[in-house]
Amino acid sequence: MTVTAIDAEPIVSVRGLSKRFGDVTALDDVSLTIEPDKIYGLLGRNGAGKTTLMQILTGQDTQTSGDVTVLGGTPFENARVLRNICFIKESQTYVDDLRVKHVLAAAGHLMPGWDREFADRLLDDFQLPLCRKVKKLSRGMKSTLGVIIGLAARAPLTLFDEPYLGLDAVARHLFYDRLLADYAEHPRTIVLSTHLIDEVSNLLEHVIVVDGGRIIVDDDADALRRRAVVATGPAETVDAFAAGARVLHRESLGSQARTTVERTATEPERALLRAAGVELEPVSLQDLVIATTTGAREITA
Amino acid sequence: MNDDGRPLFQQIAELVENSIIDGSLPEDGQVPSTNELAAFHRINPATAAKGLGQLVAEGILYKKRGIGMFVTEGARDALRFRRREHFVRQYIEPLIAEADKLGMSITELKSMLDNREESR
């Protein structure tokens, strides 16, 4: 196992960050740290504040209050910091009259870590026509172009905000495969924001969930897998198991109950529960996010 | 990967253990690298590294600097012994619990197993 330096400088350090648009609070006193060379998942519902957060981290917007340090500096209008960031946005727009090859040439010019050969291989893998004008690309092809730039830029901090509008399952898996393979060879910090949580959950090392402008989960992916279980069986036994822990969801039918509860079960506990007719199932990352974010809580409360 | 709620790195460790137990990874044989495991199972390389790291810590695998990881001599027997202990919890205890629910005694279970033995 490789041991990373304990005092590794964080790539991103945010303290007490707030962003208000008029009387709407998009980010509310957010603090977080992003460590180097990890793949992060930035998850949450639409309008939770993910994109606003990424825009501030990449210097495309300024905060109302709070401190933001990215790659050792303030990102806003800081060429040294911005050169080392690649932010691929949902519905990324390009200059319409440029051809694919022009866009790639521009990216190669701007990004110090650009790997031309890798970009060529990706073009081939995704079968993107090099000479086509950007305005003639389909929605999926435009997303592909963004994905290729994001990967071939090899930026120390790469952010993908819902990069795959219009991409089919085959293309998405190609993206995951190329991302993993290249990340293994060239470790760097990657932030992946997506609604397709089940698809990416195994790629992530760390997960941040934003809800209503606040961070409600900031934990290792491994720890999250063990954070909650679904217990189904005789209500009395299920409720005794859930007692004292945070219940995310509960439903019952006659003497049977099903409860999603934030606790783990030890091996002897599992054996006892099994013997008492209680089944334990894991909670997927997607289900955990659904259970912890606002809408679901209001429905089940 | 199966989502049975256990940490992914443990599942990776167990997959490697299975290959050692069934002999497809012989003692002193080289184990797939972190990156190979990550690519094959579509998981984060750090997770794969943690799985292999656990097996190194337990003495099942050993590292050769700059070359990779290899199966320790005697690892297969050690794993089989460990899995036997696990077998009781994983199979025997639920078997008895289910039999109990159906009103079957342990004597009945024994005779069922004996019948199995004879028909083999």
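Let's start where two helices of chain B touch: Leu8(B), Phe9(B), Gln10(B), Ile12(B), Ala13(B), Val16(B) and Glu17(B) of α1(B) meet Thr47(B), Ala48(B), Lys50(B), Gly51(B), Leu52(B), Gln54(B) and Leu55(B) of α3(B). Contact here means heavy atoms within 4.5 Å. Sorted by class, this contact has eight nonpolar, four polar and two charged residues. Ala, Val, Leu, Ile, Met, Phe, Trp, Tyr, Cys and Pro count as nonpolar, Asp, Glu, Lys and Arg as charged, and the others, Gly among them, as polar.

A quick word on the model: it is predicted, so local features need pLDDT of at least 70 and side-chain atom pairs 80 or more, while totals for chains, interfaces and linings use all residues. Residues are numbered from 1 along each chain as its sequence is written, chains are lettered from A and ligands numbered from 1 in the order written, and side-chain values use heavy atoms, leaving out hydrogens and water.

So how do the two helices sit? Helix α1 (residues 8-21) and helix α3 (residues 45-57) of chain B pack at an angle of about 55°, with axes 8 Å apart. That makes α1(B) oblique to α3(B); angles under 35 degrees are roughly parallel, over 145 roughly antiparallel, 65 to 115 roughly perpendicular, and the rest oblique.

Now over to chain A, which has 12 helices and 13 strands (DSSP runs: H or I of at least four residues for helices, E of at least two for strands). Of its 301 residues, 48% are buried, meaning under 20% relative accessible area with a 1.4 Å probe, protein chains only.

Methods. Axes are lines fitted to C-alpha atoms, for helices over the stretch in contact, and angles run from 0 to 180 degrees between N-to-C directions. Buried means under 20% relative accessible area, exposed over 50%, partly exposed in between (1.4 Å probe, protein chains only).
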